[in-house]
Amino acid sequence: MYTGIILHVMNKLAFVIGSYTMHFFLGRYLPEAQYGIIGTIITIINFEYIFFTDGVRQGMSRSIAAGRYDERHLIRLGIQVQVIMIVLFFFGTWAGASSIAAFLGDETLIPYIRGVACLLPFTGIYSLMLGILNGHKAFVAEAGIGSIYPVLKLSVIPAVLFLYEDAVIGVEMGFLFAGVVTMVLSALQVVRSRKAFRQTSERMSAREYTKITLSYMLLFCVTTVMMNLDTLILKSVTGSDEAVGYYTGVATFAKVPYFLLTAFYTVALPVVTRNYVTGELEKAQKAVSDLMTIIISLVLPVAVVISAASGHILAAFYKPSYVAGQNALSFLAFAIAFLGMTLVFTMVISAADQKKWIALLSVGMFVTELILCPVFTGYFSLTGTAAATFLTAGAGMLVSAAGVKRIFGMFWQKKHTLLLLWNLAAYVGYFFIFRCLSDCSFFFLAGLCAVCYVALAGTAVFRLGLLKQYRQ
């Protein structure tokens with residue numbers, strides 16, 4: 001499990017580096033208002049991707065990891081369901097472009113939204129292929145192909161600079177190029193591993209597979225709403241492309257903990273599913289406890305540093321005017337981390353086939369976010385938008401953690417409490433240090449943030465002996 005986590009963390013680091021390089025270029029090269037328009041389109045792309053791809057990927061992974069069904073039939077079934085989903089999403093996005101643009105109050109977005117629809121077939125198949133590899137615990141191939149995608153996505157930069165006068169079209173073409181190439185690579189890898197597909201007499205019904213997939217899709221729909229709809233609500237409530245530009249910068253940095261946490265639930269799902277199916281609940285509980293130790297030790301400090309240094313990060317990475325979003329980033333860095341933890345917990349719960357429980361949690365979080373976000377945005381603008389997500393995601397994290405305890409037993413240990421207190425104390429100290437710090441260069445800030453992270457995470461790693469534990 002640890003090897004899988006390391007590989008996927010490296011994959012997510014590549015994704016973060018690639019995405020931030022792209023945003024660094026766009027945020028500095030383009031005016032705030034134009035970057036806000038691109039931020040709106042990227043938000044719609046993310047909305048489609050997370051809802052449309054991750055649910056299918058996890059559904060296929062869990063179905064294979066259960067080890068009961070004929071995999072050749074299961075993969076054919078998955079492809080059929082995915083093609084249906086691609087058709088529905090494509091035409092829904094294309095036909096609904098005018099309605100989405102009307103909701104956002106900007107009719108000029110219609111052709112760009114229709115361009116998003118053209119990206120879906122390639123990312124849909126790519127995601128399904130990664131789900132097949134994940135179910136087989138082929139973490140090397142899965143993480144390797146996943147690491148190629150953000151590198152290819154950097155084709156956005158030459159597309160905007162040299163190929164297209166319209167920067168939004170250039171961004172979409174860069175995404176399209178990355179999607180096509182990675183779809184081909186992932187499909188080839190699945191074909192190469194077809195001899196390892198399990199052959200049994202038992203076949204999963206289309207109804208059962210669809211129920212599993214829709215359960216995950218509902219969960220990721222809520223995740224998508226909370227990570228992306230806030231930007232669209234801000235656009236709708238304020239009508240300001242400049243405010244959306246600031247919030248795009250905020251969301252870009254706030255999502256770092258989430259990207260890292262996806263590595264954990266991606267690995268946890270097949271591992272815990274296998275333990276649960278074979279009745280090894282103690283192993284499943286230990287796996288969850290170990291995940292918590294690593295997450296609190298290595299991922300939570302990322303949110304701590306980003307939140308504490310929020311204003312300086314935005315000003316140094318983008319422009320001094322982006323400091324307007326510092327309070328929003330302080331909230332959103334933790335909010336997205338809470339959301340990522342909710343996904344980790346719900347992936348663990350899904351191993352026990354608790355589809356109804358997950359559906360109820362998903363709907364509850366969706367309704368809460370839909371109520372709080374417009375209200376808080378109306379009163380507090382960017383900061384209110386982030387605070388609404390903070391409250392909703394925090395509640396979802398606590399409820400989902402209680403669900404894991406109910407099924408697998410007490411996974412929380414004394415060391416986890418001590419780690420939380422250590423992170424809280426460090427946050428208070430870092431917050432005051434950064435708020436008292438005057439303007440500084442990008443490289444000085446990067447070095448200071450790195451030192452703060454290493455001081456916080458490094459202490460936990462050596463005190464808990466995590467390196468020794470991994471070697472064992």
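A residue counts as exposed when its relative accessible area is over 50%, and as partly exposed between that value and the 20% under which it is buried. The views below show a predicted model.

**View 1. Two cysteines, Cys436 and Cys118.** Cys436 has a relative accessible area of 67%, so Cys436 lies over the 50% cut-off and is exposed. Cys118 has a relative accessibility of 35% and therefore counts as partly exposed. The structure contains zero disulfides.

**View 2. The packing of helix H6 against helix H9.** Two packed helices are described by the angle between their axes and by the distance between those axes. For H6 (residues 120-135) and H9 (residues 167-192), the angle is about 35 degrees and the axes are 8 Å apart. The crossing of H6 past H9 is left-handed.

**View 3. Residues at the contact of H6 with H9.** From H6, the contact includes Phe122, Ile125, Tyr126 and Met129, together with Leu130, Ile132 and Leu133. On the H9 side, the residues they meet include Leu176, Gly179, Val180, Met183 and Val190. By type, the residues of this contact are 12 nonpolar, four polar and no charged.

**View 4. The largest nonpolar core.** In soluble globular proteins, nonpolar side chains tend to be buried together. The largest nonpolar core here has 141 residues. Those touching the most other members are Leu26, Ile41, Phe175, Phe253, Leu332 and Tyr430. Helix H15 (residues 326-350) supplies the largest share of this core, 17 residues.

**View 5. The surroundings of Leu26.** Leaving aside residues up to four places away in sequence, Leu26 touches Tyr35, Ile38, Val156, Val160 and Val171. Leu26 is also one of the core residues that touch the most other members.

Notes
Residues numbered from 1 in each chain as written. Predicted model: local features only at pLDDT ≥ 70, side-chain atom pairs only at ≥ 80, totals over all residues. Heavy atoms only, no water. Axes fitted to C-alpha atoms, helices over the stretch in contact; angles between N-to-C directions. Helix = DSSP H or I, 4+ residues; strand = E, 2+ residues; numbered from the N terminus. Left-handed = near helix turned anticlockwise from the far one by under 90°. Contact = heavy atoms within 4.5 Å. Nonpolar A, V, L, I, M, F, W, Y, C, P; charged D, E, K, R; others polar. Core = buried A, V, L, I, M, F, W, Y, C linked by side-chain atoms within 4.5 Å. Buried < 20%, exposed > 50% of the residue type's maximum accessible area, 1.4 Å probe, protein only. Disulfide = S-S within 2.5 Å.
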